[in-house]
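Let's look at charged side chains that pair up in a protein. Have the structure open as you read along.

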Amino acid sequence: IKAGEEILQCYGAHSDAELLRTYGFVEADPQGNPCNQLLISRSAVLGVLQAKFGEKSPKAAARLAKRLQLSAERGLVLPAYSVGVHGAIPPKLLTLVQVASMGAQEYAEYAESDMIELGEEMHIIGTDHAEVVTGAILEILAKAEEHYPKELQCSTQRQRWAKHVREVEVGILRLARAYCVTMGCEESDSDGSEDE
């Protein structure tokens, strides 16, 4: 390296939140950081599932506990679920909600199968189950949003970066809502008739 030659440091593929937390700065990229993500905590997910599917009766609580146990064994219960910059719902989160809300017959078939992730292929648009799954995911996203402050003081550079990170993550949250609503809506053919 010659005297006065610029040396560049690569920090690796990190979200703005990771860069700020680990290195104390955020790279101002007008294109946006493709590594940005929204993290949804396990407690937010399980809290919504418990409220929606486990609080109606002791039998409902036992049924949900059994489903969550199988989901954990299949690797669906994670410490956090990462929603990327485009807002797509992670397949493991979608499957976890699908399993928690299945009817008895569907659950028995799933439990007997080797399937782990069901994902969008099993999300039959326009069905009652799809509406329940969509509603639960929207509630999970609302729960995730609760931890974001509405206002941030921005007197220092670090506080301005923190505000930027919050705005990026709230933007991903909005995209995830739109994705979820689109995923749960009925599709139409080009001639205007609904798919069956």
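## Lys143 and its partner

Lys143 has a relative accessibility of 39%, which counts as partly exposed; here buried means under 20% relative accessible area, exposed over 50%, and partly exposed in between, using a 1.4 Å probe and protein chains only. Lys143 forms a salt bridge with Glu146, and their closest N and O atoms are 3.4 Å apart. A salt bridge is a side-chain nitrogen of Lys or Arg within 4 Å of a carboxyl oxygen of Asp or Glu. Glu146 is exposed, at 56% relative accessible area.

This is a predicted model, in which local features need pLDDT of at least 70 and side-chain atom pairs count only at pLDDT 80 or more, while totals for chains, interfaces and linings use all residues. Residues are numbered from 1 along each chain as its sequence is written, and side-chain values use heavy atoms, with hydrogens and water left out.

## Glu145 and Arg177

Now find Glu145, which forms a salt bridge with Arg177, the closest N and O atoms being 2.4 Å apart. Glu145 lies in helix 6 and Arg177 in helix 7 (residues 157-184), so this pair ties together parts that are 32 residues apart in sequence. Helices are DSSP runs of H or I with at least four residues, numbered from the N terminus. Glu145 is partly exposed at 21%, and Arg177 is partly exposed at 25%.

## Glu139 and Lys52

How many salt bridges are there by this rule? The count is three. One of them joins Glu139 and Lys52, with 3.1 Å between the closest N and O atoms. Glu139 sits in helix 6 (residues 128-145) and Lys52 in helix 2 (residues 42-54), so the pair links parts that are 87 residues apart in sequence. Glu139 is partly exposed at 37%, and Lys52 is partly exposed at 24%.

How values were computed
Helix = DSSP H or I, 4+ residues; strand = E, 2+ residues; numbered from the N terminus.
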